[in-house]
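Here is a short briefing to read alongside the model. Take a moment to look it over, and then we can go through it together.

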Amino acid sequence: MTYNELSSQIFLKQSYLCVGLDTDPLKLPRHLLTESDPVFAFNRAIIDATADFAVAYKPNIAFYEAQGPRGWESLQRTLDYIPSECFTIADAKRGDIGNTSSLYARTFFDPSAAGLDFDSVTVAPYMGHDSVTPFLQYDGKWVILLALTSNVGSADFQRQPVGEQELFEIVIEKAQTWASHEQLMFVVGATQADVVSRIREIAPDHFLLVPGVGAQGGSLAEVSRRGLTKAGGLLVNASRSILYASSADDFADRARAEAQALQVEMAQYLAEL
Ligand SMILES: O=c1ccn([C@@H]2O[C@H](COP(=O)(O)O)[C@@H](O)[C@H]2O)c(=O)[nH]1
């Protein structure tokens with residue numbers, strides 16, 4: 001999916017919601033456990049319930065890998081089920097020496113390899129340019145680089161001062177020499193809303209993938225007011241607050257209501273642009 005196509009979807013759906021598919025087999029509603037693939041049955045119901053309000057879906061790969069081969073099958077079925085107009089993110093947080101990164105990229109981007117055809121993959125910047133560029137060799141595919149994460153541990157390295165800057169700012173500046181805003185996004189936690197304006201000075205056009213609203217307590221209002229651009233420019237993720245709004249038979253209805261509430265709020269912020 002191109003930058004303009006993603007931007008168009010945001011204004012068409014009046015939403016920059018990304019639904020995180022962090023599907024934990026231990027948290028599934030009991031009535032789904034008799035399904036042949038309970039994880040996929042859950043994801044299918046969540047996608048059906050939220051697709052009107054979401055422009056992106058982000059399966060967190062850890063939740064699937066932890067299930068072994070069954071998990072990879074659930075992931076494949078889920079990816080195939082996501083509507084084609086939605087942007088897909090493999091939240092895998094990969095990155096290694098170049099030849100290894102090439103194989104990670106092939107896993108998520110080349111359907112003739114592992115069968116997966118994601119639009120994007122999250123990548124850790126720590127090993128530098130040659131660990132990231134193999135992911136950029138695929139036309140139409142995106143790298144979403146971890147810049148300033150939502151967890152408290154982001155203070156350990158990402159917020160360390162380096163000269164006049166903090167380390168995450170150097171990551172954002174340097175990475176822009178590797179790819180344009182048409183192929184590169186940055187992860188910025190919603191819990192770090194206070195620095196989103198500063199990030200917009202360094203990266204005015206890049207999409208930001210923003211996890212941390214909902215269960216982690218980040219503010220959608222603050223991130224939106226500081227991070228939205230004329231192209232949209234944000235994908236705000238919510239996982240647990242949508243997936244596990246209810247653990248009973250009404251889980252899909254409750255997930256839909258949570259997603260709709262976020263979309264309605266997002267539409268207000270888009271109207272203020
Ligand atoms: O900085 C980061 C980077 C990634 N994540 C991921 O996003 C979701 C958040 O889930 P919630 O349930 O909405 O808190 C999850 O997959 C994380 O691994 C993040 O939270 N922060």
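Which residues in α9 meet which residues in α11? Leu220, Ser224 and Arg225 in α9 meet Leu262, Glu265, Met266 and Tyr269 in α11, where contact means C-beta atoms, placed from the backbone, within 7 Å. This is a predicted model, in which local features need pLDDT of at least 70, side-chain atom pairs count only at pLDDT 80 or more, and totals for chains, interfaces and linings use all residues. Residues are numbered from 1 along each chain as its sequence is written.

**Helix packing**
- Helices α9 (residues 220-227) and α11 (residues 251-271) pack at about 30 degrees with axes 10 Å apart; axes are lines fitted to C-alpha atoms, for helices over the stretch in contact, and angles run from 0 to 180 degrees between N-to-C directions.
- Helices (H or I, at least four residues) and strands (E, at least two) are DSSP runs, numbered from the N terminus.

**The barrel**
- Eight strands form a closed barrel in the order β1-β2-β3-β4-β5-β8-β9-β10, with parallel pairing; a pair needs at least two DSSP bridges.
- Strand β1 (residues 17-21) runs parallel to β2 (residues 56-59), joined by four bridges, and Cys18 stands opposite Ala56 in β2.
- Helix α7 (residues 167-175) lies across β5 (142-148) and β8 (184-188), at about 155 degrees to β5.

**Around the ligand**
- Among the 17 residues around the ligand, Thr149, Ser150, Pro211, Ser239 and Arg240 come nearest; a residue is near if its C-beta atom, placed from the backbone, lies within 6 Å.

Note on methods:
Two residues are in contact if their C-beta atoms, placed from the backbone, lie within 7 Å.
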